[in-house]
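Open the model in a viewer and keep a selection panel at hand. The stops below take the chains one by one, along with the places where parts of them meet.

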Amino acid sequence: MELTLNHLPVLTWNHLKLNDVKAQVDTEGMTSSLRDGAVLPEGISARYGAGAEEVSNIYDKLDTKTAQEAFVAGKFPMYNEQKFATGMGADMDLLLSKVGAATDIFEVAAGSRVAEPIIFDTEITAEEKLAEAQLICAGEGSESTWVYAYTGSTEGSGATVGSSLRFFLEKNAKVRVVIVQMLGGSDTFLTDFGAVGEADSELKVTKLSLGAGRVYDGLSHLQRGFRSEFLVRNGYLGLPGSYTDINYNDIFVGKKTKGVMRFTGALFDDAEKVFRGTVDFRKDATGANGDEQEDVLLFGDNVVNKTIPLILGEEEDVEGRHAATIGKLSDEMLFYIRTRGIDEKTAEAMMVRAALYDISRDIPVEEIKKRADERIDTLLERA
Amino acid sequence: MSEMRKDPAIDIAEREDKIILNDVNRELYDFIDEEREEDFYRMEEGLTEEIVRQISEEKHDPEWMLDFRLKSLEIYNQTPVPDWGPPIDGLDMDRISTYVRSKSDMVGSWDEVPEDIKNAFDKLGIPEAERESLAGVGAQYDSELVYHNVREDVAASGVIYTDMESALTGEYEEMVKEHFMKLVPPTDHKFAALHGAVWSGGSFVYVPKGVKVEIPLQSYFRLNAKGAGQFEHTLIIVDEGADLHFIEGCSAPKYNIANLHAGCVELYVRKNAKLRYSTIENWSKNMYNLNTKRAICEEGGIIEWVSGSFGSHESYLYPSSVLKGDGSHAEFTGVTFAGRGQNLDTGAKMIHIGKNTTSFIDTKSICKDGGISTYRSSVVVAKSAEGAKASVNCGSLMLDSISRSDTVPAIEMRTDKADVGHEAKIGRISDEAVFYLMSRGLPEAEARAMIVSGFANPVSKELPLEYAAEMNNLIKLEMEGG
Amino acid sequence: MDTKEILLSIRDLTASVEEEEILHGINLDIRPGETHVLMGPNGAGKSTLGNVLMGNPVYKQTGGSILFEGEEISGESTDKRAKRGMFLSFQNPLEVPGLSLDAFIRSALRERTGKPVKFMQFNRELMDKMKLLSMDPSYAERDLNVGFSGGEKKKSEILQLLMMKPKFAILDETDSGLDVDAVKTVSEGIRAFQQESDGALLIITHNANILKSLSVDKTHVIVKGKLVASGDATLIDEIGKNGFEAFGE
C-alpha cells in the first residue's frame, strides 16, 4: 500500500517535495509481533494485544488530542488527524490496522523507579515483514528505560519493520527510550513515535539508524505540562543508495517547557535524506525554550540532502533556535585536527565515528552498545 | 579574528543620532485623491480575453505581446491558486480592475504632471528626493507611468532608463523581447501568469558595459484607484562590469475593498556586473501583494537585495537569485513588519548553479497586534555548484502573544563539495535591554521602539539615509499601534 | 651560513586576514633545539604568525617563504606540515564529543608515523606524561576537550606535544587564562619537552611568567606586523619593566 507520511506541519512550495513523503510498503504477509511472555521487571505491567477501540478509549481518557489547539490564523496547516499524534501521522496507524497489528500496552506503576531497562531485542531474518505497536503509560513519578534493537545482516534480507511507539508521561515521570536500528541495505524501517508529557515529566529519546536502505522516522511530542523536558539525540548513517526521511515535531504547550533536539549524520555516495524538524510554540507556552541542531557531513558526488527546520511561534515569551551545518566540518575544527597530521578525509571519518559513538553511549545495555559500535565501524569502513 | 561586538542598545542609540526621527504622520501614505471620472480611463472589473485584448490595444502592443498576453491568460486560467501560504480567498478577480490610467500622457518634466497626481507624489517627497540624491526617477500612478526623468550626465553615459511601453514600442523592442518574462515565465505560478496577461507600466533599465552609475535610480509606484490592480514590469539589464543601485518605493491609500499588486521584476546581471535592488514597500493594508522578483547572475556577477516590507494585507514575496555564473554572489537583507490585519509571507530564494557561488540571507521578521509574519525561503545547491557557500540567518521578534511568527526555511543540497550554514531564532524584546535603555532615561515605549529599530538595523544600514529614516518612521508608526 | 642547520627559515613573510595585511615581512631563523619567544602587544600579529606557519586557511600567506628543513612549505596543507614535524598548540582547543583524548593522540601518531601504535608502550608513556602534567588518568578516556576547564585544555595540548614529539612546536598563548599553579605545571611540561627532545619551540606570549623556569635562546618583539627587536632572554625582563612602548607601540 502507499502511505503518505511525515507531514510538514505548515506547507511550503510543492516543487521542493518536502511537504510529506509517499512510501510504498508491501503489507503482504506482514505480521504483528506480540511481545507476550516478555519477562518484565517489578513495577511494570502489561496488557498484550489490545484492539483499536480499547486503545482509542484510553486515548480519550488520557485526553491526548492535539488537533484543534493551534491558532494558525489562516494558514494551511496539516492538522494531525490522530487522537494521539505521532511524527509519521495517520497513515502509519492505517498500516497497523490493515495488517491487524494489535497494541501492547505497558504501564509503569506510579512512583516505581525501574532501574533495569526493558529490552526488546529483535533479530530480523529473511524477508520478514513485521509491524508492532506499543502504548506505554508512565505513571506519576515513575522512572523507566526502554530499549529497542532491530538487528539483521548489513546487506539486509528485503525485510520491512514497522514500529509505532506511544508514550504517555504522567506528572514527574521520567522515561528514556533508545531505539537502535541495525538492519541492512535492502530493508525498510518505519519508526514512528508519539508522546505526551505532563508537568515536570522528562523524556529522553535516542535513536541510531545504522543500515536500513529505506528509513522513515517520525516523532511528535506534545509537551503539555508545566516545566516538562525533552531531549532527542538522533544519529544516522545514510549509506550508498539509501533514503532517509525524518520528521520531528516538538510542540510546546506548557509553560517553561524545554526541548532540545540534536541530529547528527553522514551521507555517502548517492544517499538521499530529507529532514523536517519543527519547534512549535503554542499560545501561552510562556518561558518555553526550544532548540534544534542539525549537523550533516556529505561524502559523495551524488548525495541529496534536504533540510527544512521550522520554528512556529504564537507566543511571544519564548526562546527558539534552530541551526544547521551541512556539507563539511567547520574550518576551525578541520584546522585543529589537521595540525595533528591527520588529513581531511580521515578527519571527517573520524568526526562521523565520534559523533555516532557519542550517541551510542546512551544505550544502557552493554551488549547492544557493543553491537552498535561494531556496526558503526563496519559501515564506515565500507562507506 | 573576532569582530568587536557592540552592545546593541548603544549601537541603536548611535544610529538614532544620525537618523532624525520625524514625527510620524500616518496621512503621509493614507491620503486619497478622489479620481474624477473624466480624467481617468478605467478598465471594467474582472478578467476576460476581451479585457486583455482591450488593454493590449490601449497600449499599442506589438503583435507578439498580444499573443504573449493571451497565452498567459490561458495559463492563468489553468493554474490553481497556491495551497500553501496566506489564504487569498478575499481576492476576487471579478472585482479588480486590471487597468486604470490618467488620460494625460507621460511627461519628462515635473511641472507638466497633472496637478492632483503631482500633489500625491509631492506629499510622498518624490521630486524632492530626485533633486537631492537620485540619478533618475520614474513615477507610476495606477497602471501607467506619469513621469520619467533621468539626469543628463547619466543619460550621456549611455544608461537607458525609460518606461516599459516606450521600450517595447521603440528602439529597444528586441532587447525587451529577448528578456521579457524569460526569467519569470508565466508558467511560474498563477500570479506570474496574471502578470503576463495584464501587465502595464514599470521601468526598463539598461546599463552599458563598464558604466558605474554612482547614484541610485528610483521608481515610485502608487496605486491610487480603488479596487484596482497594479501590474508593473521592471526589466533591468546591467551589462558586463557595470554597476547600478535601483530603488523601488510603493504605496497606496487604504480602501475597504481589495487591491491587488502583481508586479514582476526581472534583473539580468552580466559578467562581473553588480546590481543592488532596494525596496521599501508600504502598500496599504487592503493590498494583496503577490509580487515576483528574480535575478540571474553571470560569472562574477553580484546581486544585492535590500527589502523592507511594511504594508499590504497579504504578501507573497520571495526575491530569488539564480547564481548561474561561476563565482557569482547574491545577498538578501530583509525586514518584514506585520501589524494588525496583516499576513506577510516573505523571504528569499537562492539557486546555486555555478561553481564557487556564494549567497547570504539575513532577515528579520517582526509581528505585532495580531499580525502574522512568515519567513519562507529555499536555498538550492545544484550538483554543478562545487565550492558553493550559502548561509541563512533569520530572526523573528514577537511583540505580543496575539501575533504569529513562523520560520519555514528549506535547504536542498546536491553536492558534497559545498557548505551551507543556517541559523534561525525567535524571541521577544529582552527585559534587560528595555531596562538598560530606561535606566538611561528613555520612556519604555521609546525604548521598545528603539530596540525594534535596532533589530531591523541590518536592513536600514543598507539603505540610503533618507530611506533608512523612512523605514524607521514606519517602524515607529507600527510601534504606536496605529 | 649552511641552511641545513636551520630548522625553520622564514623570509619576508607577509600574510593577510580578510584582505587586510597583518604581517608585513617577517624574517626569522630557528635551529633545532632552540627556544624562541615571541612577544608583542595585542593585535600585533603574534597568533597570525603561528597560524600562517601552520597553514590555517583563514590566514593567507601573500608573500615570502617558509623553509622547513630546507624545503619550501608555503601552500602546503596543514596535515602535511604536521607530518613533517610541526605542531601548534591552540589558544582555544576545540571539543570533539565521542572521540577520546587517548584515541585522538593514537590516531595522530599513527598518521604521522604510518605505523600502528604499540598499545602497552603508548599507554605507559601516556600515563607518565599525564602524571607529569598533574592530569587525572581518567582524562585519557574523556572526550577530547569536552567539559575540560581552561587549564585542562591547555594541559591536553601540552600532553599532545609531549606524545607527538614534533621537531618544531608553536605554543600560542598557552599561559593565557591560567592560574599560577596551572602556569607552573604547563611550564614544567614544556621544560620536559625541551629536555627530552631536540625539538625547537616558538613560544607566543605576552606574559613572562611561563618563561621563568624555561631556558630561552632568543626573544623577538613583534609590533604592528613587524619584528622590531630581537635579543636574548634579557629582553624579556626589559619588556616586563617597560612594556612595549619603547618598541614603538
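## Start with a strand pair in chain C

This is a predicted model. Select strand S11 of chain C, residues 218–223, together with S12(C): the two strands pair in the antiparallel sense over five bridges. Within this pair, pick C:Val221 and look across to S12(C), where C:Ala229 stands opposite.

## Widen to the sheet

Six strands of chain C form an open sheet with mixed pairing, and their order is S6-S9-S10-S3-S11-S12. At the edges are strand S6 (86–89) and strand S12 (226–231) of chain C, each of which pairs on one side only. Going from strand to neighbouring strand in this sheet, the average turn is 20°, direction ignored.

Next, select helix H5 of chain C, residues 150–164. H5(C) lies across S6 and strand S9 (168–172) of chain C. Relative to S6(C), the helix runs at about 165°.

## Chain C as a whole

If you colour by burial, 41% of the 249 residues of chain C count as buried. Of the contacts in chain C with a separation of 6 or more, 72% are between residues 24 or more positions apart.

## Move to chain A

Five helices and 20 strands make up the secondary structure of chain A. Chain A has a radius of gyration of 20 Å, close to the 21 Å that the globule rule gives for 383 residues, so this chain is as compact as a globular protein of that length. Along the principal axes, the C-alpha atoms of chain A fill a box of roughly 60 × 50 × 40 Å. Buried residues come to 56% of the 383 in chain A. Among contacts in chain A between residues at least 6 apart in sequence, those joining residues at least 24 apart make up 84%.

## Where chain A touches chain B

Bring chain B into view next to chain A. Chain A puts 40 residues into the contact, and chain B puts in 37 residues. On the side of chain A, select strand S18 (288–299), strand S19 (304–313) and strand S20 (318–327), the elements that give two or more residues. By class, this side of chain A has 20 nonpolar, ten polar and ten charged residues.

Which strand of chain B pairs with S19(A)? Select strand S23 of chain B, residues 404–413: S19(A) and S23(B) pair in the antiparallel sense over six bridges. To see one bridge, select A:Ile311 and its partner in S23(B), B:Thr407.

## Inside chain B

Ten residues of domain 1 are in contact with nine residues of domain 2. On the domain 1 side, helix H6 (126–133), strand S13 (274–282) and strand S15 (302–309) of chain B each give two or more residues. S13(B) gives the most to this side, with three residues. By class, the domain 1 side has six nonpolar, four polar and no charged residues.

Terms used
Residues are numbered from 1 along each chain as its sequence is written. Chains are lettered from A and ligands numbered from 1 in the order in which they are written. This is a predicted model: local features need pLDDT of at least 70, side-chain atom pairs count only at pLDDT 80 or more; totals for chains, interfaces and linings use all residues. Two strands pair if DSSP finds at least two bridges between them. Helices (H or I, at least four residues) and strands (E, at least two) are DSSP runs, numbered from the N terminus. Axes are lines fitted to C-alpha atoms, for helices over the stretch in contact, and angles run from 0 to 180 degrees between N-to-C directions. Two residues are in contact if their C-beta atoms, placed from the backbone, lie within 7 Å. Ala, Val, Leu, Ile, Met, Phe, Trp, Tyr, Cys and Pro count as nonpolar, Asp, Glu, Lys and Arg as charged, and the others, Gly among them, as polar. The radius of gyration is taken over C-alpha atoms; the globule rule is 2.2 Å times the number of residues to the power 0.38. A residue is buried if 20 or more other C-beta atoms lie within 10 Å of its own, exposed if 12 or fewer, and partly exposed in between; C-beta atoms are placed from the backbone.
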